[in-house]
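Here is a short tour of one protein model. It starts with one residue and then widens out.

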Amino acid sequence: MPSARIHRPGAHRCLSITIHRSLSRSPGESVSSTSINVTQEIERSSFSNVQKRIVVLCLALAISDGLNSLSVGYAIPGLSELWDVSPGSFSVVIVAAIIGEIIASVLIAPMADRFGRKALITVGIILFGASTVAAGFAPGLLTLVICRFISGVGIGTASPNLFALGSEFAPGKFKATVVTVIATGMALGGAICGIIAGVLVPGFGVRSIFIVAGAIPLLVLIAVWAFLPDSLEMYAARGKTHDIARILNKIKPDGGYTASDVYAARSPEQDSLTGVRNLFRDGRRTSTILVWAMLLLSITGSYFVFSWLTTLLVLSGIAESTAIFATSVTTFGGIAGGILLGLTMDRSRLGIGALLLGILLQIGATYTLIAILAGGSSASSNTVIAVCLLLGAGIIGTGTAITAVVAQTYPPSLRATGIGWAAGFSRIGAIIAPLVGGALINKGLSPSSVLQISLIPAVLTGTMVVLFHRYGKYHVSDFAPTTHAESAPVRLEPQATSD
């Protein structure tokens, strides 16, 4: 009697999620069951509309993240004057948000494995959106500190799951690109925040920055709740077969998936791979240490500069409106720099060595800015803006590309844990950097001296890049297509068997 068999290349490889489909038979015939790997289906797929929609929604949330993260930087000069508090005193506000991010990244964000990525993303949006709106009504420094701490918890809850969800739905050959694009969304959010600040502050006051920055993610939440799916693994664990079939059929229209199919979550063998301890096992210890160090140093340098760049420019004699706009355009430079570095890493022989190009750009732009600021108020506004654009391409662009490196360092079963813990660890630098910067400003150190000190993390980051190039390693997707045959659709073929 003939039976059906599903031929699927690479079936011997490790499964992340399995679907057991019972093939329909004529009356009297036996039923055979075959396993279908959902992760393999997604990674070998073309970039379908539903996958693009997921990336766009994750990008919109990342923009909201960046909008909230940098809002306080644009508000410091105005609030300092309004409350008659020195600019350096606001370092505690910045640190409070970072502490919240650290706590959430390592303790709350990983809970998505139990409650779902969409649920944690939603909670994060509500937290950082509502608390940022509340910051717009803060009567003083202490209330602002509390609001920013809650905002940091929300950002730390949502961000790691954005990267994880985007990576999980991306085809294998686009994973690094998707992570880079989502990461640049945070820079874009910062740029939008700068534009908002430049427009609203003169007419509506400095508090309007927080109100708008908090309202936008709450509006985005409506689209997220309506159109952003959860991970297929979570749907499988909860028995939501209709959702799995609907999404898979959109990703692969010829798949023929139905709600009557039996879906199962990942195997116990892969469950054992989760947990922070596994980031340091099976040859991953060196890579983990190096990517954590790279991200830590990159975040340290970024927060050191951009927490105080507007203030440094104003102290150098640059008009406040120009300083705000120049700081905002750095994020546009970061977007371009991150994408270009990501493409260079993927398409050239430089690989991770392309990060050194971003670091060199940062060094060159920093010394150019120092030379320009020596002219004080006579410095050309357009020149300051242009150099800040390049500075952003170097600092933010390098940090964005490093995020892609982190995502590609771990296999799918460890990717969310790896991203969350790397992000949490790196925020230690984000705490230290604003404190050091504020202390240096309060002690009267010149802006040029502060900018020179900002290059120390850049040089150390370059050192880590060289070491990773020599001793680190990327995780190569188990399901990345290598030939046309491997990426071909599933076919059901009859096979004769003896009764």
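## A threonine and its contacts

Not counting residues up to four places away in sequence, threonine 311 touches Ile76, Pro77 and Pro87; a contact here means heavy atoms within 4.5 Å. Threonine 311 sits in helix α13, residues 309-315. Helices (H or I, at least four residues) and strands (E, at least two) are DSSP runs, numbered from the N terminus. Because its relative accessible area is 6%, threonine 311 is buried. Buried means under 20% relative accessible area, exposed means over 50%, and partly exposed lies in between (1.4 Å probe, protein chains only).

This is a predicted model, in which local features need pLDDT of at least 70, side-chain atom pairs count only at pLDDT 80 or more, and totals for chains, interfaces and linings use all residues. Residues are numbered from 1 along each chain as its sequence is written, and side-chain values use heavy atoms, with hydrogens and water left out.

## The whole protein

The protein has 19 helices and five strands. Of its 499 residues, 56% are buried. Take the contacts with a separation of 6 or more: residues 24 or more positions apart account for 80% of them. The accessible surface comes to about 20,300 Å². Carbon and sulfur atoms hold 66% of that surface. Areas come from the Shrake-Rupley method with a 1.4 Å probe; for residues, only the protein chains shown count as cover.

How many disulfides does the protein have? The count is zero, where a disulfide is a pair of cysteine sulfur atoms within 2.5 Å. A disulfide is a covalent bond between the sulfur atoms of two cysteines. Cysteine 58 is buried, because its relative accessibility is 0%. Cysteine 388 also counts as buried, at 0% relative accessibility.

Distances run from C-alpha to C-alpha.

| Pair | Apart in sequence | Apart in space |
|---|---|---|
| Isoleucine 125 and isoleucine 155 | 30 residues | 7.3 Å |
| Valine 145 and valine 93 | 52 residues | 4.8 Å |
| Threonine 184 and isoleucine 396 | 212 residues | 8.4 Å |

Threonine 184 lies in helix α7, residues 175-204. Its relative accessible area is 5%, so threonine 184 is buried. Leaving out residues up to four places away in sequence, threonine 184 touches Ile335, Ile339 and Thr400.

Valine 145 is in helix α6. Is valine 145 buried or exposed? It is buried, because its relative accessible area is 17%. Beyond residues up to four places away in sequence, valine 145 touches Val92, Val93 and Ala96.

Isoleucine 125 lies in helix α5. Its relative accessible area is 1%, so isoleucine 125 is buried. Its contacts are Leu61, Ala130, Pro217, Leu218, Leu221 and Val224, not counting residues up to four places away in sequence.

Serine 131 is also in helix α5, which covers residues 117-135. Serine 131 counts as buried because its relative accessibility is 7%. Apart from neighbours within four places in sequence, serine 131 is in contact with Ile126, Cys147, Ile150 and Ser151. Which atom of serine 151 does the side chain of serine 131 reach? It reaches the backbone nitrogen, at 3.2 Å.

## A nonpolar patch on the surface

Ile99, Ile103, Leu107, Leu142, Ile146, Phe149 and Ile150 form a nonpolar patch on the surface. Together they have about 620 Å² of accessible area. The elements that give two or more residues to the patch are α3 (91-108) and α6 (141-169). Helix α6 gives the most, with four residues. A patch is made of residues with over 30% relative accessible area and no salt bridge; like charges are joined within 9 Å, and nonpolar side chains (Val, Leu, Ile, Met, Phe, Trp, Tyr) within 5 Å. A salt bridge is a side-chain nitrogen of Lys or Arg within 4 Å of a carboxyl oxygen of Asp or Glu.

Isoleucine 99 is in helix α3. Isoleucine 99 counts as partly exposed because its relative accessibility is 35%.

## An aspartate in a loop

Aspartate 84 is in the loop between α2 (49-83) and α3. Its relative accessible area is 73%, so aspartate 84 is exposed. Aspartate 84 has a positive phi of about 55°, although it is not a glycine. Most residues other than glycine have a negative phi.

How values were computed:
Polar contact = N/O pair within 3.5 Å; in protein donor to acceptor, adjacent residues only side chain to side chain.
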